[in-house]
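Here is a brief report on one protein model. It covers ring packing, charges over rings, a sheet and a loop residue.

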Amino acid sequence: QLQLVESGGGLVQAGGSLRLSCAASGRAFSSYTMGWFRQGPGKEREFVAAITRNGGDTYYADSVKGRFAISRDNAKNTVYLQMNSLKPEDTALYSCAVDLSGGDLTDFGFWGQGTQVTVSS
């Protein structure tokens with residue numbers, strides 16, 4: 001019964017930056033690994049990044065390594081995705097979710113509604 005709400009998306013030129021936020025309503029937020037996913041037009045949803053419950057470990061898709069950074073503030077029940085050096089191919093609906101699999105990143109749930117990121121050339 002964890003509710004997630006994403007924000008921070010928008011229109012940005014290539015090379016620019018955005019910071020996405022995912023706010024959780026549940027008290028157990030700090031108990032879960034969290035993930036960011038994205039789905040571009042006509043594409044399947046793909047994994048972007050994940051962060052463990054204590055923030056000690058992070059994971060990234062190869063396509064965003066070195067450009068994106070995931071972080072979390074458990075006191076605020078919020079996970080962030082800092083996106084730098086954005087490319088048009090990053091255009092997608094970005095959603096956050098909870099890892100229910102115990103840390104193996106195989107079962108995400110409680111999906112948020114997503115926030116749109118559009119990168120222009």
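Both phenylalanine 37 and phenylalanine 108 are buried in this predicted model. For phenylalanine 37, the relative accessible area is 10%, so it falls under the 20% cut-off for buried. Tryptophan 111 is partly exposed, at 30%.

The structure holds 3 aromatic pairs.

| Ring pair | Centre to centre | Angle between planes | Class |
|---|---|---|---|
| Phe37 and Phe108 | 4.8 Å | 75° | edge-to-face |
| Phe37 and Trp111 | 4.8 Å | 65° | edge-to-face |

Both pairs link distant parts of the chain. Phenylalanine 37 in strand β4 and phenylalanine 108 in strand β10 are 71 residues apart. Tryptophan 111 lies in the loop between β10 and β11, 74 residues from phenylalanine 37. Ring pairs join Phe37, Phe47, Phe108 and Trp111 into a cluster.

Next, the sheet. Its 4 strands form an open sheet in the order β1-β3-β8-β7, with antiparallel pairing. β1 and β7 are the edge strands, each pairing on one side only. From one strand to the next, the twist averages 15°. Strands β3 and β8 pair over 6 bridges. Arginine 19 has glutamine 82 in β8 as its bridge partner.

Arginine 19 also has its charged end over the ring of tyrosine 80, 4.1 Å from the ring centre. The charged end of arginine 72 sits over the ring of phenylalanine 29, 4.5 Å from its centre.

Arginine 72 is also one of the contacts of threonine 52, as are Tyr32, Thr33, Asp57 and Tyr59, leaving aside neighbours within four places in sequence. Threonine 52 lies in the loop between β5 and β6. Is threonine 52 buried or exposed? Threonine 52 is buried, because its relative accessible area is 13%, under the 20% cut-off.

Terms used. Residues numbered from 1 in each chain as written. Predicted model: local features only at pLDDT ≥ 70, side-chain atom pairs only at ≥ 80, totals over all residues. Heavy atoms only, no water. Helix = DSSP H or I, 4+ residues; strand = E, 2+ residues; numbered from the N terminus. Buried < 20%, exposed > 50% of the residue type's maximum accessible area, 1.4 Å probe, protein only. Contact = heavy atoms within 4.5 Å. Pairing = 2+ DSSP bridges. Axes fitted to C-alpha atoms, helices over the stretch in contact; angles between N-to-C directions. Phe/Tyr/Trp six-rings, centres within 6.5 Å; stacked < 30°, edge-to-face > 60°. Lys NZ or Arg CZ within 6 Å of the ring centre and 35° of its normal.
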